[in-house]
Amino acid sequence: MAGLLYLHSTLLTSASALRRRAGAPASSSRRRCRVEAKIREIFMPALSSTMTEGKIISWTAAEGDRLAKGDPVVVVESDKADMDVETFHDGFLAAVLVPAGESAPVGSAIALLAESEEEIPLAQSQFASFSPSSSPPPPQETAAQEASPPPPAPAAVSAPAPPSPATQGGVRVVASPYAKKLAKDLGVDLFSVTGSGPGGRIVAKDAEAAAAAPKKAAPVAAARPDVPLGSTVLFTTMQGAVSKNMVESLAVPTFRVGYTITTDALDALYKKIKSKGVTMTALLAKATAMALVQHPVVNSSCRDGKSFTYNSSISIAVAVAVDGGLITPVLQDADKVDIYSLSRKWKELVDKARAKQLQPHEYNSGTFTLSNLGMFGVDRFDAILPPGTGAIMALGALQPTVVGTKDGRIGIKNQMQVNVTADHRVIYGADLAAFLQTLSKIIEDPKDLTF
């Protein structure tokens, strides 16, 4: 669902007062004139609980355009996703205060909405020197704001994107969410598409035109993306959010426990049900959730340093690398959902994550996190604990290993190294050891995973 813009109704005479507070003199003629025009300030919305500022990807409406309630006005990049944002008032877009490519704090004014077309010039003249930083906070009564908790701290601001083509440094695509979905369905590479939308944004018709165009012969060897060697590049909004979370994690006293798990039975089960759409990620998430049922303290969390919470549900977050950052889609109630539904849900979440279309509850509600580098051949590594959670488990590659059998012989078994990083304020070494023993038993005898 698209976000809703915060709008605050104000008389233009009150705007004059704001300008006086900012140091701009008010003319005597304005003091004598009673202005009846009604101008609404459009505020940067909070699109997630961790969002403190948003970057304007593009304006879908131009100054002077007539807008109806529910019309998309602007595309905003939050710390985790790009979202089309709608207005819930009729009117005319009188002035854009924050142009595409720039960022603004949550709650600051980014545009002005006039009630009538005649009021547009008046609004533009009265607010010519208006600064978003002088805007009052958004009204508390708006439904969209009530649904968003207060954000923690500002994230880094990314550099403005060039207008066209809709890429930045060869690694950034500026496209509407629908255009991204359409491009995926049609097999269109958005990096090769020039956008026709505002600010070079790729819209649906651009993706359709690219799909219909004759295909060029593919080069023998693909060139590496251009990297600005020797230059300093500002964090994207997502990179800024990841950086902030990693720094916050340093305040938590953590410890790590490793364990070796034999995966022969899990491998056999995976080969048997892979054709039904089951993924290894879903199998590992399901096994982890089933182990957490027996060890609720490992699924707990401490947020204030004075108490901890036994979470009422088991929601497994799984780290996914996306263009320009990292995000953790969440498999809700993974202990209760069957493996086939869980696999379908995981594929859906990954597609949405890579298209930057995840809703906040789909990435910020995890109670336990998995991070897997096994597909890259990494045998073991340590993961950093995400703030607000109790533990994260790093999964290494499944590797054939020479082991001693129970009858004293030497054999080869597939094994996986796992390392758990945990909050030592809540979880202790014996807790993790017991949890890993349970997890190992489930993986080595996985018959219950398909129930």
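This report walks through the fold, cores, aromatic pairs, salt bridges and one surface patch of a predicted model.

## Ground rules

Local features here need pLDDT of at least 70, side-chain atom pairs count only at pLDDT 80 or more, and totals for chains, interfaces and linings use all residues. Residues are numbered from 1 along each chain as its sequence is written, and side-chain values use heavy atoms, with hydrogens and water left out.

## The chain overall

The chain has 451 residues, and 47% of them count as buried (under 20% relative accessible area; exposed is over 50%, partly exposed in between, with a 1.4 Å probe and protein chains only). It carries 11 helices and 19 strands (DSSP runs numbered from the N terminus: H or I of at least four residues for helices, E of at least two for strands).

Take the contacts between residues at least 6 apart in sequence: 68% of them join residues at least 24 apart (a contact is heavy atoms within 4.5 Å).

The largest nonpolar core holds 55 residues (buried Ala, Val, Leu, Ile, Met, Phe, Trp, Tyr and Cys joined through side-chain atoms within 4.5 Å). Leu 283, Ile 316, Phe 368, Met 393, Phe 435 and Leu 439 have the most contacts inside it. Helix 9 (residues 280-294) gives this core its largest share, 10 residues. There's also a second, separate core of 30 residues, with Met 44, Met 83, Ala 95 and Ala 123 among them.

## Aromatic pairs

You'll find 2 aromatic pairs (ring centres of Phe, Tyr or the six-membered ring of Trp within 6.5 Å; planes under 30 degrees apart are stacked, over 60 edge-to-face, the rest tilted). Phe 308 and Tyr 310 sit edge-to-face, 5.2 Å centre to centre with 70° between the planes. Phe 308 is partly exposed at 38%.

Phe 368 and Phe 435 make a tilted pair, at 5.8 Å and 55°. This one links distant parts of the chain, strand 16 (residues 368-372) and helix 11 (residues 429-444), 67 residues apart. Phe 368 is buried at 0% relative accessibility, and Phe 435 is buried at 0% as well.

## Salt bridges

The structure has 8 salt bridges (a side-chain nitrogen of Lys or Arg within 4 Å of a carboxyl oxygen of Asp or Glu). In one of them, Lys 356 meets Glu 77 at 3.0 Å, N to O. The partners are 279 residues apart: Lys 356 is in the loop between helix 10 and strand 16, and Glu 77 is in strand 6. Lys 356 is buried at 9%, and Glu 77 is buried at 4%.

Lys 244 and Glu 248 pair up at 2.8 Å, both in helix 7 and 4 residues apart, about one turn of the helix. Here Lys 244 counts as buried at 15%, while Glu 248 is partly exposed at 36%.

## A surface patch

Val 402, Ile 410 and Ile 412 make a nonpolar surface patch of about 370 Å² (patch residues have over 30% relative accessible area and no salt bridge; like charges are joined within 9 Å, nonpolar side chains, namely Val, Leu, Ile, Met, Phe, Trp and Tyr, within 5 Å). Ile 412 belongs to strand 19 (residues 410-423) and is exposed, at 64%.

How values were computed
Accessible areas come from the Shrake-Rupley method with a 1.4 Å probe; for residues, only the protein chains shown count as cover.
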